Amino acid sequence: MKDTTQYNNDYENKWCPGCGNFGILNAIKKSLADTQIPPEKILMVSGIGQAAKTPHFLHCNFFHGLHGRALPVATGAKLADHDLTILVNMGDGDCYGEGGNHLLAALRRNINLTLLVHNNMVYGLTKGQASPTSRHGFVTKAQPQGVACQASNPLALALSQGAGFVARGYCGEIEHLSQLISAGISYPGFSLIDILQVCVSFNKENTYTFYKDRVYTLDKEEYKADDLHQALDLTMEWEEKIPIGIIYQKETRSYTDELAPLQSGPLFKQTYDPKKIRKAISDA
Amino acid sequence: MSIDVTVTIGGEAGQGIQTVGDIIARVCHKVGLYLLAINDFESRIRGGHSFMQIRISDQPVLAPYHKIDLLIALNTETRDLHKKEMAETGLVLLDAEKEDAKENLPEQAREKNVLPIAFSQMAKDAGGKIMTNTVAAGACLALLGAPFSAFEQILKTTFAEKEKILENNITAGRSGFDAVKNTDFAKAFDWPSNGSAKGKLLSGSNALALGALAADCRLAAFYPMSPATGIMIHLAEFMDQLPVLVEQAEDEISAVNMIIGASYAGVRALTATSGGGFSLMAEGLGLAGITETPAVIINSQRPGPATGLPTRTGQGDLLFVIHASQDEFPRFVFAPGSPNQAYDTMIRAFHLSEKYQVPAIILTDQYFNDSLWMTTRKMAVPEEIERFVAFDEDMTSPSDYKRFAVTASGISPRALPCKGRALVCATANEHDEAGHMSETIADRNTMVEKRQAKIKGMTGEMKGPKGYHGESESLLVGWGSSDGAIREAVDLLRFDNFDVGGLVFSDIWPFPQKKTKEALSSCKRFITVEQNASSQLGLLIRQQTGHSFHTSLLQYDGRPFTPNWIAEHTKSVLEEIR
Ligand SMILES: Cc1ncc(C[n+]2csc(CCOP(=O)(O)OP(=O)(O)O)c2C)c(N)n1
Ligand code: SF4
C-alpha cells in the first residue's frame, strides 16, 4: 500500500466520533496515494457543511467556499488552468439543495471535476433538518410531522442529464470507495460519486446497521455499467437492496477540450502578448 | 459656423432603427465629425417605440441634446411622441405610407415642418420593404449635406458579403437621397471633404470590453442581463485570437463564484451584470473579500428595484455596491464617465484588485453602455502586466507558506495552488494565517485588522473628483456617466454669466476624503446632480467630509440627463438665492 500519511495534517478534526465522514476521508487519502498525486498537486474545493470541511483535514491546496457554490468555484479554477486535478467535496444539502442549479449545469458542462457528495440524508452542521435526500416521512425538529416532499434521486437525475460517470459509494467500504474515487479522478469528464454517509448524531434511520443489511457491491465482471437503462433501473433500488459501485460510465471528451481558447494550453500558461491585443483593439 | 445637429430616428422595434442610426453615425464619424448616439428602446423585440438620437458636431459632444433638428419617423407614433422636442426650425421626415395623420397636424407644421416621403414604397421598389431604413438613412444624409459617395462607402462595408443585397441597398439609399435633394433644411452644413476620423466610434460596452482585454482578463463569466450583456458579447468576439474565454454561467451566483475560482487559480477574471444580478452576487463579493481573492465586477445600472426598467438608465446602486455583502471588508468602487476613462478604469481595476487582493466594482449604466461615443485619446496597451503573485523561488521556505500571513500593509504574499510546493488554503470561514478555519478571538481580530489595514494604501490610489471650473462659487457635483452632461451644463450656465463649475467623481471607494475636502474648500455651495431619488453621492460626501450639499437635482425617469435640463434647474436654484 502506498503512503497515505503524506496527506495528514495536524489540524484538529471536530467531527463527531463515529461520523461516516472519517471513512470518506480515509478513502480519499487512499485514492490519492494510489493515484500517486502528491499533496501540492491536488486542489480540493468545497461548499459549507460538515462534509465541506473535509479539505481542512487533508494536507493539500484547498478552497472552502460558500454553501452550495463549490462547483462554480471549481469550474472557474479548472477553466483557468485545466492541468489542475480538482476534487469537490459537498454535503447532500449543499450539493442537491442549495447548489442544485450548479449541479445541473455541471452535469451538462461535463467539465473534468470529481464530485464527492457526502450523502447523510440530513443537514449535519445546522443540527438535523431534512435534506433533499431525506426519506418522505422523515421526522426532524423542523419537520415534526415528517418530511412531506419526495426524496430526490440524485443518481437518476444525473443520468437523465447525460452524465458520463455516475457512481455510488459507502463510507463503510473504504477500499471500494477509494477505487471509485480513483476511477472518478481518471475519468476525463465530470464524475459524480454519491457517498452513503452515516450521521450518528442526527440521522437515526440511515445507520451503519441500515446499510449493512442492504448495501451490495456491483460485480465488475457481471455488471458492465455501459447500459443507460439498466443503470437507471439500478438507481431505483433502495428499500431492500442498495447497489454500490460504478453505476454508469461512458466514453467522453472533456469540456475544456471543446473550448477554442484553451487549445493552445491552459489559460494560465498562455502568454500575454501586447502586440496581439494592440491589433485587436485597433481593429475594433 | 459651428455644427451642432441632432437627428432622431424612431419607429418600432424590428424596423431597423439601429441600423439607420449606425450608418449615419459611421458616415459622420468617417469624415471627422464628432458625435454621440443614444439608444432608447423598450424591453421588447418587436413593436413599441424605440429611437436612436444622434448629436453631430464639429466639436466634441459630451451629452445628448434636448431638441431635435431632424426627425426621421418610420411611423406616425414617432412623430407624435417627439413633437414637443422639435427645434423651431426642425424638420420631420415621415414615411408617406404611414402618413394618415398628416392632415391632423397644425396648419403651420404641415406646411413647414413635415415632409412625407415614400420610404417604404421606395424600399419595395428597390427590392424589399426591409430596406426602408436604408432609404431613410439616404434621405437623412442628403439633408445634412453629405455626398452620396460617403454614404455608399459605408454601405459597402455594412453589406460587404452579399453583392445583390449591397446593390439593392445602394439603389434604396439613392432613392432616399434623391427624394430630398431639393429640400431646404436649416441645419444643413458644409460637409467636410477629405476629413479623417477623430478617434474611435465605440459603445460604452465596447470600451469596457477592450479595457478588460488590455488588462489581460482571461476569463469572463456572466449570466445575460441588460444592459451588461453587450460587454460580454464584445469580449466573446476575441476568443479566436486572444487567450480569453467567455463562459455563460447558469446564474449570477455561479458567474461570480467562477471568477473567484479562476482568480484563485491565477488568471485575471471578470463578470458583468446589472443591479438584479449584482444582488445575487452579494454573497460572492463577500467570499472574494474574506478569501482576499482579486475579482472585477461590472455593475451596469438600470433603474430598479427588482426588474425595474430593464432597458433604461439610472444611478441608483451607489450606496448598495459600497455596502453590499455582510460585515466589512475593503473593496474598490469606480464609476468612469467617458469611454476613454472606462478603458483606463478597467486596466486600473484589474491592477488594483490584484495588488490589494480585494474585489473591484465598476459602476456604469445603460446610457453609458448602449450609447455610441467617440474616444478622443488613443487606447494604450500596457507593455507588461505586473502580477502580484509569489512562487516557490520567492519564498525562503515554501513548505511554511501561509496564505494570510500578517503584514503591515495587510497584503500577504499570494501564491497560486498547484504551482509549487507552497500549499494555498483559503476559506469563507474566518481563519488563521494558514487559511484554516479558526474561531479564536485572536485570529478573528487579527484577520479583521489585517483586511482593514489595506484601506490606507487603497485610499492613496484613489483619484479625487475632477474639477471643471472648479474654483467657481457654485459647483455641480456628480459621478460616472453624467460627467459630460454636467460639463456642458456648466458651459451653458457660464455663457449666461452664472459662476458655476462642475466636480465629477470617477473614483468613489475607498472615498477620497482629503481630495474631496480640498475640491470643495473654496466653493460657496455645491449642488448634487444624480440619477437617483435621494442623492446618494451627496449623502456619502456628507458622511465622509461633513460638507452638505445645498440642494440636489435628481432625475430618476430612466432617461439620460441633458445639459439643458441641468442648466435650467440650476438657474432656478441660484435665482432663488439671489
Ligand atoms: C447561504 C447559506 N445558507 C445557509 C447556511 C447554513 N448552513 C450551513 S451548512 C448547511 C447544511 C449542511 O448540510 P449538508 O450540506 O447536508 O452537509 P452536512 O453538514 O450534513 O455534511 C446549512 C444550511 C449557510 N452557511 N449559507
Ligand atoms: S453531525 Fe453528523 S455529519 Fe456532522 S460530524 Fe456529527 S455525525 Fe458527522
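Visitor: What sits around ligand 2, in terms of residue classes?
Guide: The shell around ligand 2 holds six nonpolar, four polar and no charged residues. Ala, Val, Leu, Ile, Met, Phe, Trp, Tyr, Cys and Pro count as nonpolar, Asp, Glu, Lys and Arg as charged, and the others, Gly among them, as polar.

Visitor: Before we go on, what kind of model is this?
Guide: This is a predicted model, where local features need pLDDT of at least 70, side-chain atom pairs count only at pLDDT 80 or more, and totals for chains, interfaces and linings use all residues. Residues are numbered from 1 along each chain as its sequence is written, chains are lettered from A and ligands numbered from 1 in the order in which they are written, and side-chain values use heavy atoms, with hydrogens and water left out.

Visitor: OK, so which residues are around ligand 2?
Guide: Among them are A:Trp15, A:Cys16, A:Cys19, A:Gln50 and A:Phe202. A residue is near a molecule if one of its heavy atoms lies within 4 Å of it.

Visitor: And where is ligand 1?
Guide: Ligand 1 lies between chains A and B. There are 17 residues around ligand 1, and A:Gln50, A:Asp92, A:Gly93, A:Asp94 and A:Gly124 come nearest.

Visitor: Which helix gives the most to that shell around ligand 1?
Guide: Helix 3 of chain A, residues 92-98, with four residues. Helices here are DSSP runs (H or I, at least four residues), numbered from the N terminus. By class, the shell around ligand 1 has five nonpolar, eight polar and four charged residues.

Visitor: Which polar backbone atoms are there for the oxygen atoms of ligand 1?
Guide: One belongs to A:Asp94, at 2.7 Å from an oxygen atom of ligand 1. Another is on A:Gly93, at 2.9 Å, and A:Leu125 has one at 3.0 Å. The protein covers 77% of the 580 Å² of accessible area that ligand 1 has on its own. Such areas come from the Shrake-Rupley method with a 1.4 Å probe; for residues, only the protein chains shown count as cover.

Visitor: Changing topic: which residues touch the most other members of the largest nonpolar core?
Guide: B:Ile72, B:Trp191, B:Leu235, B:Leu270 and B:Leu476, out of 127 residues. Helix 5 of chain B (residues 132-144) gives the most to this core, with nine residues. A nonpolar core is a set of buried Ala, Val, Leu, Ile, Met, Phe, Trp, Tyr and Cys residues joined through side-chain atoms within 4.5 Å. Apart from that core lies another, of 102 residues, including A:Leu84 and B:Val333.

Visitor: What is B:Trp191 in contact with?
Guide: Leaving aside neighbours within four places in sequence, its contacts include B:Val27, B:Leu33, B:Leu141 and B:Pro147. Contact means heavy atoms within 4.5 Å.

Visitor: Is A:Ala80 buried or exposed?
Guide: Buried, with a relative accessible area of 0%. Buried means under 20% relative accessible area, exposed over 50%, and partly exposed in between (1.4 Å probe, protein chains only). A:Ala80 is in helix 2 of chain A, residues 70-80. Beyond four places in sequence, A:Ala80 is in contact with residues including A:Phe268 and B:Val267.

Visitor: How about A:Thr235, buried or exposed?
Guide: A:Thr235 is buried, at 4% relative accessible area. The side chain of A:Thr235 reaches the backbone oxygen of A:Leu232 at 2.6 Å.

How values were computed. A polar contact is a pair of N or O atoms within 3.5 Å; within protein, one must be able to donate a hydrogen and the other to accept it, and residues adjacent in sequence count only if both atoms are side-chain atoms. Helices (H or I, at least four residues) and strands (E, at least two) are DSSP runs, numbered from the N terminus.
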